[in-house]
Amino acid sequence: MASVTVDTSAADAVTAKGVKPPRLSPNYWPFVLPALVVIGAVIVFPWVFTLWMSVNSWTLGQDQTFIGLDNYIRLAGDMRFWESMWHTAIYTVLSVVAPLFLGTLAALVFDGQFPLRGLLRGVFVMPMMATPVAIALVWTMMFHPQLGVLNYLLSLIGIGAQEWIYNQSTVIPSLVLVETWQWTPLIMLIVLGGLAAVPREPYESAEIDGANAWQKFRYLTLPMIAPFLMIAVIIRSIDAVKSFDIIYAMTQGGPGTASETINIYLYNTAFAYYDIGYGSAMAVVFFVVIVALSFVLMMVRARTNWADMEDR
């Protein structure tokens, strides 16, 4: 059998000159492609299709008709749309401010040392574990003007019965009360994590200087937990602005349209009135508003730098 001789002189010469032989670059596309397909199917395609539907007149069961920007022009003159945006803004602000204040207060309380602190913490966070529809059903019974337990408790201290979610002037504050009850524990947990990261040396110095409890909170605690408070604001803002289940289960936007947020109005337009084109235009505008809100929150978050904790 003839032997085969391999000439390695060229390879040895290249190695001797310090030049490495070329290597094939790794191909990552087989790993990236499935994720891109999922993102395209779940995120990109629905939004592209929504944009297309927003420039069409399409009532479910009828043919589509291209109408350009007519749906958006119609939105500009739709007072019910602007009213729903106003309701969304009020609901979001109240649903952020109330849990932020109460959650911070609860975190300051639970940060102290007292008996059964762990047990009470566990009890305090239980509301956020319940499903929104179950919460809505329970609170709807509690809000009942004649049979609800809340009016009974008010009667014990001499306050007359309230109409709660059955009155146009009190329906949004009543819904915010439910939202606050459920999500104050989340704010408490976030702020409690911030308090655990706060160093104790500045407090010892402040006590030597004679600072009282309010001064220590105002000039030490609050600046050092500000990044955590900003995270809590972002999380609550995102959750409150898209709130749907509790509102729909309790009031369906009523009485009248007093609690009709943009999510409720969009749902009714698209799936109750079957005006898919107009509902799609509403969804696009709402998406732009959410992006603008997110941009503002990110700018504020960038100013609340984690490095501030080290500088103080």
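1. A word on the basis: the model is predicted, with local features needing pLDDT of at least 70, side-chain atom pairs counting only at pLDDT 80 or more, and totals for chains, interfaces and linings using all residues. Residues are numbered from 1 along each chain as its sequence is written, and side-chain values use heavy atoms, with hydrogens and water left out.

2. Do look at the largest pocket, which holds about 290 Å³ of space. A pocket here is an open set of points on a 1 Å grid over the protein atoms alone, where a 1.4 Å probe fits, with protein on both sides within 12 Å along at least five of seven lines; lining residues have an atom within 4 Å of a point. Of its 15 lining residues, T50, L266, F271, G279 and A283 are the closest to the centre.

3. Helix α13 gives the largest share of that lining, seven residues. Helices are DSSP runs of H or I, at least four residues long, numbered from the N terminus.

4. R236 sits in helix α10, residues 213-241. R236 is buried, because its relative accessible area is 1%. Leaving aside neighbours within four places in sequence, R236 is in contact (heavy atoms within 4.5 Å) with S95, V96, P99, E179, W183 and I187.

How values were computed: Helices (H or I, at least four residues) and strands (E, at least two) are DSSP runs, numbered from the N terminus. Buried means under 20% relative accessible area, exposed over 50%, partly exposed in between (1.4 Å probe, protein chains only). Grid points are joined across faces, edges and corners, and a volume is the space filled by probe spheres set on the points.
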